[in-house]
Every structure is written in C-alpha cells, then in structure tokens.
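Subject: Structure handover, aromatic contacts

Hi,

Here is the structure I promised. Please look it over before reading my notes on its rings.

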Amino acid sequence: MKKSNEVIDHEEELKELKIIDAHHHLWDLNKNYYPWLANYDPNTFAGDYRPLMRNYYPEDYRNDSCGLNILATVHCEADHDYTCEVKETAWVHEQAKRAGFPNAVIAHIWFHKENSEEILKQHLEFPLVRGIRSKPVTASSPKLKNTVKGVSGSMQDDKWLKGFSLLSKYNLSWDLRVPYWHLDEAAEVAKAFPHTPIVLNHLGFPWDRSDEGLSVWRKGMQALADCKNVHVKVSELCVRNQPWTIESNMPVIKETIDMFGIERCMFASNFPVASLKINYKTLVKNLLVILSDMTNEDREKFFWMNAKKFYRI
C-alpha cells in the first residue's frame with residue numbers, strides 16, 4: 001500500500017485523462033454576500049477555512065487545475081445569502097459567459113417556503129441551471145438525530161416534500177447534502193420520488209471512521225444505493241484535523257463504488273474547499289491510485305461520462 005504522502009507518477013496518464021468536475025464553487029466577496037465567508041465559524045467540518053475567505057474566480061480554478069484536461073465543470077451553490085439566491089446564479093452565468101465555464105449550475109431554493117416555485121422560476125431564466133441543492137434541517141450529531149425529525153424544513157415536513165416535488169415538475173435534479181446519520185432518511189425521500197434524479201454530495205460525509213461510525217454510514221449508503229435514482233459524488237473526503245490520505249479514503253471510496261456501481265459514481269473536486277487538505281492534481285493522482293484496478297471504460301465513466309449524462313452537459 002502507498003504511504004500517505006506518496007502517489008504513483010501518472011503524468012502521462014493525466015495528460016490523456018478527460019475530466020468533468022461535477023462539483024466546484026466560485027465566489028466574488030466584493031460583489032456577493034456569503035455569510036460563512038464573511039463571518040468565520042471555527043466549528044465547521046472543514047476546520048480552519050480562513051484561507052478560503054478570498055475571491056475565487058474561474059482564473060483561480062484554472063490555476064488550481066492546471067495540467068489537467070478539464071472538459072467541463074458543474075458549479076454548485078455556495079451558501080450565498082439565501083434572501084437573494086438568484087443573484088448568485090446570475091453572477092455565475094456571467095463567469096460562464098466570460099470564461100467558458102461552468103457548463104452547468106446547481107442553484108438554491110428553500111423547499112418549505114411559500115415562494116419556492118417563484119424563486120425556482122427565476123433561476124430557470126438562466127439556461128445552465130440543471131438542479132437544486134437545498135439542505136434540509138439536520139441535527140448536529142447522531143445522538144440528536146430524532147430531535148429534528150418532522151420539524152419545519154426537515155425531510156419529513158409536508159411543506160418541504162411539496163416543494164421537493166417541484167424538481168420533477170421542472171425536470172431538475174437534487175444535490176443531496178446531509179451528514180451520514182441522516183442518509184437513511186434521505187433514502188426515504190428518494191423512494192417517495194423515484195423519478196427525480198438525486199446525487200449525494202461528498203460521499204455522504206463519512207466523518208467518523210470508527211467501526212461504529214462507519215456502520216451507520218454504511219447502512220445509510222446502502223439504503224440510498226438501493227434507490228436507482230440516486231447517484232453519488234466522490235468528493236470532499238476530509239476528516240477534521242486529519243490529512244487526506246490514500247490509506248484512509250480508499251476503503252470508503254471502494255465500498256461506495258461497490259454499493260452504487262460505477263455507472264452512478266462521479267468525480268467531483270469540491271474546489272476550492274478541498275484545497276484546504278490537498279491540491280487538485282494530487283487529488284486526481286490519488287484517485288487514479290485508488291481506482292488502478294478499474295478498466296479504462298469505467299474510469300472514463302467515473303471521471304467524465306457519468307457527470308455529462310447526469311447534468312446534461
């Protein structure tokens with residue numbers, strides 16, 4: 001097994017490898033308001049994220065991914081001020097027109113608000129919008145999971161479910177982002193809406209790598225994998241206060257691919273957030289090491305073909 005800071009030299013392979021990045025962010029802190037980037041919170045899963053509290057433009061993304069064959073990218077909403085979330089979508093489209101990417105956009109609405117459909121229609125005035133990321137109310141720890149069940153904005157809230165149904169009406173997907181202890185509840189939503197394409201962000205956040213934590217994560221992941229409308233992004237494999245290593249991340253990546261099948265797994269960088277732990281080229285190299293037993297056809301599905309199909313790029 002490779003040492004934690006060692007990767008195979010895949011320079012030649014990298015030149016030929018086609019990539020569609022299924023999840024990254026851009027932001028301009030001079031023009032737009034992102035509460036989490038304006039007010040530092042030391043308690044987030046990312047740890048000390050103060051290096052992110054700066055502008056991140058397409059040029060910065062290009063610099064980070066330099067030397068890689070990025071065919072297209074998907075921009076995911078970045079916790080912009082949710083009182084004017086369409087402003088972010090408009091700004092991202094300006095960047096796409098100027099830089100040639102992103103090539104698909106995941107916007108935000110609140111599913112449980114009375115104006116959900118009105119805001120959604122405003123997003124749909126922009127042609128790159130392919131889906132919505134709307135984070136349901138979740139508990140801060142596994143022990144508190146049941147304290148939020150059924151509350152306003154949760155995945156059991158009737159108003160939330162009604163708003164969720166708009167995705168099918170407008171042919172949109174859902175980017176699912178919840179901590180691992182809520183994955184089983186997300187699977188119930190996926191079962192209730194089998195015709196809505198869903199993609200799980202960040203491998204379901206397997207933050208707790210103990211046997212107990214992985215058991216809960218594994219149960220939720222399998223419940224989602226049993227829903228054929230659910231896909232998964234292999235991204236943001238960070239554990240607070242621990243480095244990104246091949247040894248620690250290979251097991252959860254391999255298990256996920258075994259559960260979902262390669263046809264429902266896709267590469268996503270989550271840059272610039274992931275840059276707190278790893279640089280872009282090393283991220284791709286490490287994944288090539290982890291997936292070294294994969295066929296060329298399956299590797300192409302993972303790195304670009306699945307994202308192209310899912311996000312209609």
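The ground rules come next. This is a predicted model, where local features need pLDDT of at least 70, side-chain atom pairs count only at pLDDT 80 or more, and totals for chains, interfaces and linings use all residues. Residues are numbered from 1 along each chain as its sequence is written, and side-chain values use heavy atoms, with hydrogens and water left out.

Now the ring pairs. Rings of Phe, Tyr and Trp (its six-membered ring) pair if their centres lie within 6.5 Å; planes under 30 degrees apart are stacked, over 60 edge-to-face, the rest tilted. The whole structure has 25 aromatic pairs. One of them is Phe 111 with Trp 160, edge-to-face at 5.3 Å centre to centre and 85 degrees between the planes. Phe 111 is in the loop between β3 (104–107) and α5 (116–123) and Trp 160 in helix α6 (residues 158–164), so the pair ties together parts 49 residues apart in sequence. Helices (H or I, at least four residues) and strands (E, at least two) are DSSP runs, numbered from the N terminus.

Phe 310 and Tyr 311 also pair: centres 4.9 Å apart, planes at 80 degrees, so edge-to-face.

Finally, ring pairs link Tyr 61, Phe 101, Phe 267, Phe 271, Tyr 280, Phe 302 and Phe 303 into a cluster.

Best wishes
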